[in-house]
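Here are my notes for your look through the side-chain contacts. Please keep the structure open as you read.

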Amino acid sequence: MSLPSRLSLGPLPDDVHSALQGIAANPLVPGRNATPVAVEIPFTGATLGYVAAGDEGDVDEAIARARVAQRQWARTGWAQRRRVFLRFHDLVLRHRDLLTDIIQLETGKDRVSALDEVFDVAINARYYARNAERLLADQRVPGALPVVTKTRVQRVPRGIVGQISPWNYPLALGISDAIPALLAGNAVVAKPDSATPFTALLAAGLLRRAGLPEHALQIVTGSGREVGAALAERCDSSQDRKSGS
């Protein structure tokens, strides 16, 4: 296993420590009064930090907040949506060292593999920001009776997209999959794997800084059995990448 090139296995770098402290107090996280669950560093077995063990009630609250935000976000014009995700692209690249550090600390990946996830998210953000309007534009297709009838396909938001992501690609599968759903006017409620929650929480904070409306992306930490099952039952559309827990 390759060890991190920027990290030591002793005290965390100041920017990582500050980021974890900020995440712990972030209002994106439901269930802040729930039982804390330790997240371990696979290199050493030491505790990286703690997140809340959410429950069905937290999922219900997250979905309720997301529904309000989704109605506002769906009315937002394409120019504004595009600006949000181009700003997010820039923020991801600006904070690439921090994101890479967190991915390594949570997954045990080598530096290059972790950085690959960062670039994956940045590229997806830029691609969909520039192309989502075209990809989702109305389309005319032949009717049942050509010439006599006309048919137009219109794409509208589904509402609340539930996302359950695994530990092995916490940024690429946790955020890249959410980008097109959000750009299409949906809100997303996501459950990251219990071993790798901080990567998703940090990226969600960057999306908020980029201008995504508050609560358009909700993160609920907790077990797959409780949080994952509740999310799958209550959302309007789901993206399940077979999270372990």
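**Notes on side-chain contacts**

1. Two aromatic pairs are counted, where rings of Phe, Tyr and Trp (its six-membered ring) pair if their centres lie within 6.5 Å; planes under 30 degrees apart are stacked, over 60 edge-to-face and the rest tilted. F85 and F88 make an edge-to-face pair, with 6.4 Å from centre to centre and 80° between the planes.

2. Before going further, a word on conventions: this is a predicted model, in which local features need pLDDT of at least 70 and side-chain atom pairs count only at pLDDT 80 or more, while totals for chains, interfaces and linings use all residues. Residues are numbered from 1 along each chain as its sequence is written, and side-chain values use heavy atoms, leaving out hydrogens and water.

3. Where do F85 and F88 lie? Both are in helix α3 (residues 78-94), three residues apart, about one turn of the helix; helices (H or I, at least four residues) are DSSP runs, numbered from the N terminus. F85 and F88 are both buried, with buried meaning under 20% relative accessible area, exposed over 50% and partly exposed in between (1.4 Å probe, protein chains only).

4. The rings of Y127 and Y128 form an edge-to-face pair, because their planes are at 80°, with the centres 5.1 Å apart. Y127 is partly exposed at 39% relative accessible area, and Y128 is also partly exposed, at 24%.

5. The largest nonpolar core has 49 residues, and those touching the most other members are F85, F88, I179, L182, V188, F198 and L212. Such a core is a set of buried Ala, Val, Leu, Ile, Met, Phe, Trp, Tyr and Cys residues joined through side-chain atoms within 4.5 Å. Helix α8 (residues 197-210) supplies the largest share of this core, eight residues. A second, separate core holds 13 residues, including V59, A66, V189 and V227.

6. Which residues does F85 touch, not counting those up to four places away in sequence? They are W73, A125, A129, I179, L182, L183, L207 and L212, with contact taken as heavy atoms within 4.5 Å.

7. R81 is worth a look for its place over two rings. R81 lies over the face of W73, 5.9 Å from the ring centre, and over the face of W78, at 4.5 Å from the ring centre. The rule asks for NZ of Lys or CZ of Arg within 6 Å of the ring centre and within 35 degrees of the ring normal.

8. Ten salt bridges are counted, each being a side-chain nitrogen of Lys or Arg within 4 Å of a carboxyl oxygen of Asp or Glu. E56, D60, E233 and R234 are linked in a network of these bridges. R234 meets E56 at 3.2 Å, N to O. That pair links distant parts of the chain, with R234 in helix α9 (residues 224-234) and E56 in helix α2 (residues 56-74), 178 residues apart.

9. R234 also forms a salt bridge with D60, at 2.5 Å, N to O. Here too distant parts of the chain are linked, D60 in helix α2 and R234 in helix α9, 174 residues apart. A further bridge joins E233 and R234 at 3.4 Å, N to O.

10. How exposed are the members of this network? R234 is partly exposed at 26%, E56 is partly exposed at 39% and D60 is partly exposed at 37%. E233 is exposed, with a relative accessible area of 63%.

How values were computed. Helices (H or I, at least four residues) and strands (E, at least two) are DSSP runs, numbered from the N terminus.
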